[in-house]
Amino acid sequence: MSAFAAWIQKTVGGDATPVFVGFNAPFDWSFINYYFHKFSGVNPFGFSALDVKAYYMGATGCSWRDTRSSAMEAALTPKHKGDHDALHDAQYQAELFRLTREKVKSR
């Protein structure tokens, strides 16, 4: 966890605040928070997270049901796929977030 915290600080740099972004962030953040507190005493993300599903819902006006990854995939056509491999899923979910942000910016 200390290596992860160091990577976060290096990536964010300076006095910037890191933002935890997750696809179903409440679920993932709880694990991250637990392990940071257990092994390093502090969570560099603090007590907040940005949920990709909620962001997509707000950006598109869709229903909560349509925030499933399969529905988002149909609308956004990412190049990556989720396959339950942690790295692949992270790349896929990051791409869904990036594509949603691009959709918002293009308005």
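Helices here are DSSP runs of H or I with at least four residues, numbered from the N terminus. The model is a predicted one, so keep that in mind at each stop.

**Stop 1: the end of helix 3**

Select Gly-61. This residue follows helix 3, and its phi is positive, near 75°.

Now step back into helix 3 itself, which covers residues 52-60. Which residues of helix 3 are buried? They are Val-52, Lys-53, Tyr-56 and Ala-59. These residues cover an arc of only 130° around the axis, which puts them on the same side of helix 3. Show their surroundings: the buried residues of helix 3 pack against strand 1, strand 2, helix 4 and helix 5.

**Stop 2: helix 3 beside helix 5**

In general, a pair of packed helices is described by the angle between the axes and the distance between them. To see the contact, select Val-52, Tyr-55, Tyr-56, Ala-59 and Thr-60 on helix 3. On helix 5, select Phe-97, Thr-100, Arg-101, Lys-103 and Val-104.

**Stop 3**

Is Glu-95 buried or exposed? Its relative accessible area is 7%, so Glu-95 is buried, the cut-off for buried being under 20%. Leaving out residues up to four places away in sequence, Glu-95 touches Pro-78, Lys-79 and His-80.

**Stop 4: helix 4**

Select helix 4, residues 69-76. Its buried residues are Ala-71, Met-72 and Leu-76. They cover an arc of only 115° around the axis, which puts them on the same side of helix 4. What do the buried residues of helix 4 pack against? Their partners are helix 3 and helix 5. Move on to Thr-77, which follows helix 4 and has a positive phi, near 45°.

**Stop 5: helix 2**

Select residues 25-40, which form helix 2. At 1.5 Å a residue, its 16 residues should span 22 Å, and the end C-alpha atoms are 21 Å apart, which agrees. Colour Ala-25, Trp-29, Ile-32, Asn-33 and Phe-36, which are buried. They cover an arc of only 105° around the axis, which puts them on the same side of helix 2. Turn to the other side of helix 2, where Lys-38 and Phe-39 are exposed. The buried residues of helix 2 pack against helix 1 (2-12), strand 1 (21-22) and strand 2 (50-51). Gly-41 follows helix 2, and its phi is positive, near 85°.

**Stop 6: helix 1**

Finish with Trp-7, which lies in helix 1. Its relative accessible area is 52%, so Trp-7 is exposed, the cut-off for exposed being over 50%. For a last step, select Thr-67 as well and draw a line between the two C-alpha atoms. Trp-7 and Thr-67 are 60 residues apart in sequence and 30 Å apart in space.

Terms used. Residues are numbered from 1 along each chain as its sequence is written. This is a predicted model: local features need pLDDT of at least 70, side-chain atom pairs count only at pLDDT 80 or more; totals for chains, interfaces and linings use all residues. Side-chain values use heavy atoms; hydrogens and water are left out. Helices (H or I, at least four residues) and strands (E, at least two) are DSSP runs, numbered from the N terminus. The expected span of a helix is 1.5 Å times one less than its number of residues. Buried means under 20% relative accessible area, exposed over 50%, partly exposed in between (1.4 Å probe, protein chains only). The arc is that of the directions from the helix axis to the C-beta atoms. Contact means heavy atoms within 4.5 Å. Axes are lines fitted to C-alpha atoms, for helices over the stretch in contact, and angles run from 0 to 180 degrees between N-to-C directions.
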